[in-house]
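The stops below are given in the order in which to select them.

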Amino acid sequence: MATFRRTRPTRDPRQAVHDGTERGVYLAAEHLKGVAQQSAPVDESTLRNSAAVTHDGTQAIVSFDTPYAARQHEELTWHHPRGGGAKYLERPMVTEQPVIRAIVTQAIRTNLVQ
């Protein structure tokens, strides 16, 4: 006759989900930053190099810090012969949603099995 022993998890599952979510949000924001950098207009790479992620718990902000970042983002009529274009942060927020979800989901799963 087989004997089964039930063991308690050594870690609170709610805390594991929370920690995984924090990690996933950070990784997803870094991914979004990279895609947005490649989509940003380029002249001397100042705008692209100003991209940053600010992370606090389960929230993250991707930002570009130049005096002209917002104008470059919103100006649909400007031409960018060296690459990139308007809506360089907004577009990836939409197109990368499946990837962002997958990154967060994977981080949570990984944290649960540790």
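Helices (H or I, at least four residues) and strands (E, at least two) are DSSP runs, numbered from the N terminus. This is a predicted model, in which local features need pLDDT of at least 70 and side-chain atom pairs count only at pLDDT 80 or more, while totals for chains, interfaces and linings use all residues. Residues are numbered from 1 along each chain as its sequence is written, and side-chain values use heavy atoms, with hydrogens and water left out.

Select K33 to begin; K33 sits in helix α1. K33 counts as buried because its relative accessibility is 18%; buried means under 20% relative accessible area, exposed over 50% and partly exposed in between (1.4 Å probe, protein chains only). Setting aside neighbours within four places in sequence, K33 contacts A51, A52, V53 and V62, where contact means heavy atoms within 4.5 Å.

Next, select H55 in strand β1, residues 51-56. H55 is partly exposed, at 33% relative accessibility. Beyond four places in sequence, the contacts of H55 are E22, V25, Y26 and A60.

Move to helix α5, residues 97-113. Its 17 residues reach 25 Å from first C-alpha to last, close to the 24 Å expected at 1.5 Å a residue; the expected span is 1.5 Å times one less than the number of residues. Which residues of α5 are buried? They are I100, V104, A107, I108 and N111. Viewed down the axis of α5, these buried residues fall within an arc of 95 degrees, so they line one face of the helix; the arc is taken from the directions from the helix axis to the C-beta atoms. P98, R109 and V113 are exposed on the other side of α5.

Two loop residues come next. S45, in the loop between α1 and α2 (46-49), has a phi near 70 degrees, a positive value in a residue other than glycine. S45 is partly exposed at 27% relative accessibility. K87, in the loop between α3 (69-74) and α4 (90-95), also is not a glycine and has a positive phi of about 60 degrees. K87 is buried, with a relative accessible area of 16%.
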